[in-house]
Amino acid sequence: MKYSMCFFPWVGLAIGALEFGWFHLAVWLGFGTIFRTAVLVLIPVLVTGGIHLDGLLDTADAMSSWREKERRLEILKDSHAGAFAVIIGLCYFVICFGAASEVTRETLPVLCLAFGISRTFSALSVENFPNANPKGTAAVFGNNSLKNIVNVTMAVYLLLFLAAGVLLNPFLGILLMTAAAFVFVYHYHMALKYFGGITGDLAGFFVSLCELVMLLTIIIGNRIAGMIG
């Protein structure tokens, strides 16, 4: 538990590698855009068992309740899925599918970094944000780790991801990291304002939201750059 969070971004690297490999395999085999995109969207869900998506849906239910803080925390722990979880889940996959269909050979390498970046920021939130549930999953990981070592490791990871992004595409690399940082700041304020701190579900919500925002940022940024160029 002392060092486990140091390896959390490695899961993102594995997902990125699978995304890269699948894209090129699908192109080589001549698969159509729809099938290629469907697998791109599902790879992160299959690798993680949907754990982050579960956090996204639970958070959607809690936020949509517009109840007091304590009730929102109870909804997060409820195993039942409400109507808003279903609605948000459907919307999430639709926009992910549409955005992923715009990924090209040029933007793919930068996109593959996004899965490691999201988990690096998520680890920082688990280590440093206040805990809304002292006995929850996030608290267990955060309280049993060596915070200084984890924080330094995450800082090094972020620098490496930024450097890799800039080497691949200076404009998109900087844009990718900026988008993730903005979502991280939003995540901090949202978690404290509506829940009093972080939970495992909120960490999953952040990973899902951050990856979607980075995906949208890459394809929109690339399109704008193409128009200007």
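Good morning. In this predicted model, local features need pLDDT of at least 70, side-chain atom pairs count only at pLDDT 80 or more, and totals for chains, interfaces and linings use all residues. Residues are numbered from 1 along each chain as its sequence is written, and side-chain values use heavy atoms, with hydrogens and water left out.

Let me begin with confidence. The predictor's confidence in each residue is called pLDDT and runs from 0 to 100. For this protein the average is 88, and 94% of the residues score at least 70. Where is confidence lowest, and where is it highest? The lowest mean, 64, belongs to helix H7 (residues 137-143), while helix H1 (residues 8-29) has the highest, at 96. The helices I name are DSSP runs of H or I with at least four residues, numbered from the N terminus.

I turn now to the core. A nonpolar core is a set of buried Ala, Val, Leu, Ile, Met, Phe, Trp, Tyr and Cys residues joined through side-chain atoms within 4.5 Å. Buried means under 20% relative accessible area, exposed means over 50%, and partly exposed lies in between, with a 1.4 Å probe and protein chains only. The largest such core here holds 59 residues, and Phe 121, Leu 176 and Phe 206 are among those with the most contacts inside it. At least two of its residues come from each of H1, H2, H3, H5, H6, H8, H9 and H10. Which helix gives the largest share? That is H6, with 12 residues.

Contact means heavy atoms within 4.5 Å. Beyond its neighbours within four places in sequence, Phe 206 touches Ser 118, Phe 121, Ser 122, Val 183, Phe 184 and His 187.

Next, a pair of helices. Two packed helices are described by the angle between their axes and the distance between the axes. Axes are lines fitted to C-alpha atoms, for helices over the stretch in contact, and angles run from 0 to 180 degrees between N-to-C directions. H9 (residues 170-195) packs with H10 (residues 200-228) at about 145°, and their axes are 9 Å apart. The contact of H9 with H10 has 22 nonpolar, 4 polar and no charged residues. In this classification, Ala, Val, Leu, Ile, Met, Phe, Trp, Tyr, Cys and Pro are nonpolar, Asp, Glu, Lys and Arg are charged, and the others, Gly among them, are polar.

Finally, some single residues. Thr 48 sits in helix H2 and counts as buried because its relative accessibility is 18%.

Leaving out neighbours within four places, the contacts of Ala 85 are Leu 57, Ala 60 and Asp 61. From Ala 85 to Asp 54, 31 residues along the chain, the C-alpha separation is 9.2 Å.

Is Ile 51 buried or exposed? Ile 51, in helix H3, counts as exposed because its relative accessibility is 55%. Ile 51 and Gly 200 are 149 residues apart in sequence, and their C-alpha atoms are 9.5 Å apart in space.

Pro 134 lies in the loop between H6 and H7 and is exposed, at 63%. Ala 164, in helix H8, is partly exposed, at 27%. Thank you for your attention.
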